[in-house]
Amino acid sequence: MDRILEPEVMDTWEEAEEYDSMDFLEVNQAFAKSSIEIGPKKGLVLDVGTGTARIPILICQQQPEWQIIGIDLSKNMLTIGERNIEKAQLQSQVKLELVDAKKSPYSEHSFEMVISNSIVHHLSEPLLFFQEVKRVLQPQGGIFIRDLLRPETPELKEELVDKYARDCNQHQQKLFRDSLQAALTIVEVEKIVKDAGIKEVKIYQSSDRHWTVERKWSKIE
């Protein structure tokens, strides 16, 4: 299937609330677990496309020495995220900022790790995002980026929608269907990561609907 883009930002209050209400707990827990496993024991971490901050909350509940800056372009997502952080009493560990993932205000090598879940399929120019990851990350910093994988055929796309969104409403099913259509293939991800100059990374299909780019954090000698 060809890639068909969807809107980069989900910024109505209704979209943000509906997104936050969807059950991503299992996927988010797996993402948090893997990030912790390859990340530093402590340090400053950037979460790109944090949405309503569900993943930083899960991570910081297990990693009290991580400081996470979560960025997003949706004001309403961040508003709900602030509410979720306050409810979890993690205001001292998680900070949210309205920032474009493709052009951030942070200095070079500011972060020990960059994580991102399901932002790339929203981007018309993913290369700019990966170039920014390389710029703000310390040379031996950790990377854990995961997103949807574009199915090879419309039939496979519909099978995934039926498998994972059968119990969702029609609008939520449409969002998932559009996201799959907007996602990248492994070959596309490999080329973009190479063009961005990011080295020593592992790129692989991590489920029937996800790809992952990862690099274990290592101490600067």
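## Exercises on a predicted model

Asp208 lies in the loop between strand E6 (202-205) and E7; helices (H or I, at least four residues) and strands (E, at least two) are DSSP runs, numbered from the N terminus. This is a predicted model, where local features need pLDDT of at least 70 and side-chain atom pairs count only at pLDDT 80 or more, while totals for chains, interfaces and linings use all residues. Residues are numbered from 1 along each chain as its sequence is written, and side-chain values use heavy atoms, with hydrogens and water left out.

**Exercise 1.** Describe the surroundings of Asp208.

*Solution.* 
- Next, list contacts (heavy atoms within 4.5 Å): beyond four places in sequence, Asp208 touches Leu160, Lys163 and Tyr164.
- Then look for polar contacts (a pair of N or O atoms within 3.5 Å; within protein, one must be able to donate a hydrogen and the other to accept it, and residues adjacent in sequence count only if both atoms are side-chain atoms). The Asp208 side chain makes one with the side chain of Lys163 at 2.9 Å and another with that of Tyr164 at 2.8 Å.

**Exercise 2.** Find what the side chain of Arg215 reaches.

*Solution.* 
- Check its charge partners: Arg215 is buried yet has no salt bridge, and the nearest side chain of opposite charge, Glu200, is 5.2 Å away. Here Lys and Arg count as positive and Asp and Glu as negative, with His and the chain ends not counted; a salt bridge needs a side-chain nitrogen of Lys or Arg within 4 Å of a carboxyl oxygen of Asp or Glu.
- Turn to the backbone: the Arg215 side chain reaches the backbone oxygen of Lys199 at 3.0 Å.

**Exercise 3.** Work out how the buried residues of H5 are arranged.

*Solution.* 
- Pick them out: Pro126, Phe129, Phe130, Glu132, Val133 and Val136 are buried in H5.
- Look down the axis: these buried residues fall within an arc of 155°, so they line one face of H5 (the arc is that of the directions from the helix axis to the C-beta atoms).
- Recall the geometry: an α-helix has 3.6 residues a turn, so residues three or four places apart point the same way.
- Finish with the partners: the buried residues of H5 pack against E1, E4, E5, H8 and E7.

Methods: Buried means under 20% relative accessible area, exposed over 50%, partly exposed in between (1.4 Å probe, protein chains only).
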